[in-house]
Amino acid sequence: MTERDEYERVFDGVRDWVEPDADEQARLTEAARALLDRTQDAIDDLAVEADTVLVGSTARGTWISGDRDIDVFVRFPTDLPREKLERLGLQIGSQVLPDGHEEYAEHPYTKGEFDGFSVDLVPCYDVPTASDIKSAVDRTPFHTAYLDDHLTPELAGDVRLAKQFLKGIGVYGSDLRTEGFSGYLTELLILEYGSLLALLEAAADWKPPVKFDPESHGQRSFTDALVVIDPTDPLRNVAAAVSPDNVARLQHYARVFLEEPTEALFIATTPDPLTEDQVRMAIERRETVPVAICFETPDIVDDQLYPQLRKSVDGMASELNRRGFDVLRTATFAADTSVLFAELDIATRPAVERHEGPPVHVKTHAAGFFEKYADNPAVFGPFIDGDRYVVERDREFTTASEFLESDALFDVALGATVQRQIEQAYEVLVGGDVAVLATDFGEALARYFSPRP
């Protein structure tokens with residue numbers, strides 16, 4: 001068996017469980033048709049000008065067996081005020097999905113169940129082109145139309161394989177928690193390369209930044225690790241949400257698959273959650289000092305929460321490093337409680353710290369530094385070390401916990417909503433005390449202490 005035959009053997013095995021059978025496709029087609037009819041009836045009842053369009057992977061035939069999602073968009077005229085679009089969209093949603101509930105992305109939409117399927121019913125504007133959008137969702141129907149014109153059944157099959165591979169390695173999903181590959185981006189990459197195998201062979205040798213422009217019409221420059229110009233909008237990078245880490249993960253696992261093809265890479269795995277005792281043992285073995293700031297999770301959507309958590313932990317880590325506590329690694333966790341987690345190399349710092357002034361030959365600045373500290377009994381110096389003035393002064397915080405429990409924490413660049421939440425109440429955990437986080441975050445801690453690519 002040749003190497004290519006081995007790849008195809010694995011792909012054939014995965015196809016057996018990712019491709020919907022005829023019955024599953026028929027059930028989805030019937031449910032989608034009924035949903036569109038119900039939505040049009042609701043539009044007629046309200047006597048408003050609008051139409052319906054099925055979008056997403058179910059519309060494009062790239063959905064994976066077992067997926068139960070149907071996306072219906074209701075398109076309104078562009079001269080309709082935004083407030084009225086939102087109100088009418090929710091009215092139609094409540095009529096079509098009476099047991100549904102309101103969710104919010106850029107604007108409200110209705111989410112509910114219909115005939116065993118999870119349904120998103122989303123209002124949007126019927127704009128003339130994807131470049132004329134009034135809200136982010138307005139371009140989605142253009143994506144569906146573009147792919148309808150370009151995807152063949154064979155390519156759709158490879159899209160399914162690609163989606164499952166990305167799910168298996170943990171990089172599928174454009175939400176700002178995952179920062180991974182969207183379904184639309186996956187479809188465009190398969191269109192670009194023609195198959196999953198070709199995509200993996202290319203990705204294994206990518207040298208970011210990697211740039212594609214399917215319609216050769218891009219009108220902006222981007223600095224992201226992966227740039228795919230939207231074929232329906234020359235101003236948009238479809239891959240903007242993909243983090244450099246996840247581009248690197250795709251490269252890593254592409255090489256792993258090409259070296260040793262296996263269906264296992266298409267199956268997402270989760271580690272066994274760590275217990276409190278196991279967390280303590282991990283800390284003892286590593287001889288580090290973990291610290292954690294814990295606070296009630298703000299009442300905001302995930303796409304707002306996770307960027308703020310990352311900004312906050314980066315700001316915290318930057319200040320801990322500046323103060324000499326040497327951050328080894330950071331993480332964020334969120335459920336009912338949110339956690340900013342940092343693992344430190346150093347538990348305590350001396351009572352004094354070195355503070356360097358300018359070189360002596362920089363006359364004006366050097367003189368100002370010298371005069372500032374010359375008669376200060378709280379410092380050692382000034383003295384000359386090398387070519388510059390130096391003082392040794394009392395360190396403001398000798399432990400990380402002292403800093404984290406002080407008002408100085410709020411001088412750090414925290415996310416705005418996160419800062420407001422922390423200002424109300426928060427708890428600092430240090431060392432082995434972080435083991436209590438295993439109750440809510442045992443799986444996340446298992447990933448942290450036993451990281452994989």
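This is a predicted model: local features need pLDDT of at least 70, side-chain atom pairs count only at pLDDT 80 or more; totals for chains, interfaces and linings use all residues.
Residues are numbered from 1 along each chain as its sequence is written, and side-chain values use heavy atoms, with hydrogens and water left out. Local features need pLDDT of at least 70, and side-chain atom pairs count only at pLDDT 80 or more, while totals for chains, interfaces and linings use all residues.

Three strands form an open sheet in the order E6-E7-E8, with mixed pairing. Helices (H or I, at least four residues) and strands (E, at least two) are DSSP runs, numbered from the N terminus. Two strands pair if DSSP finds at least two bridges between them. Strand E6 (210-212) and strand E8 (233-237) stand at the edges. Each has a single partner strand, so one side of each lacks a neighbour in the sheet. From one strand to the next, the twist averages 20°. E6 pairs with strand E7 (residues 226-230) in the parallel sense, over three bridges. Phe212 stands opposite Val228 in E7. Helix H7 (residues 183-193) lies across E6, E7 and E8 and runs at about 90° to E7. Axes are lines fitted to C-alpha atoms, for helices over the stretch in contact (heavy atoms within 4.5 Å). Angles run from 0 to 180 degrees between N-to-C directions.

A search of the whole structure finds one cavity of 30 Å³ or more. On a 1 Å grid over the protein atoms alone, a cavity is a set of points where a 1.4 Å probe fits but cannot get out. Grid points are joined across faces, edges and corners, and a volume is the space filled by probe spheres set on the points. The largest cavity holds about 30 Å³ of space. Its lining residues, which have an atom within 4 Å of a point, include Phe165, Phe181, Leu189 and Leu250. Helix H6 (153-168) and helix H8 (196-203) each supply at least two residues of this lining.

Pro307 is found in helix H11 (residues 302-322). Pro307 is partly exposed, with a relative accessible area of 31%. The class lies between buried (under 20%) and exposed (over 50%), using a 1.4 Å probe and protein chains only. Not counting residues up to four places away in sequence, Pro307 touches Leu176 and Asp302.

Glu396 is found in the loop between strand E14 (388-394) and helix H13 (400-404). Glu396 is exposed, at 54% relative accessible area. The side chain of Glu396 makes a polar contact with the side chain of Arg323 (3.1 Å). Such a contact is a pair of N or O atoms within 3.5 Å; within protein, one must be able to donate a hydrogen and the other to accept it, and residues adjacent in sequence count only if both atoms are side-chain atoms.

Note on methods
On a 1 Å grid over the protein atoms alone, a cavity is a set of points where a 1.4 Å probe fits but cannot get out, and a pocket is an open set with protein on both sides within 12 Å along at least five of seven lines; lining residues have an atom within 4 Å of a point.
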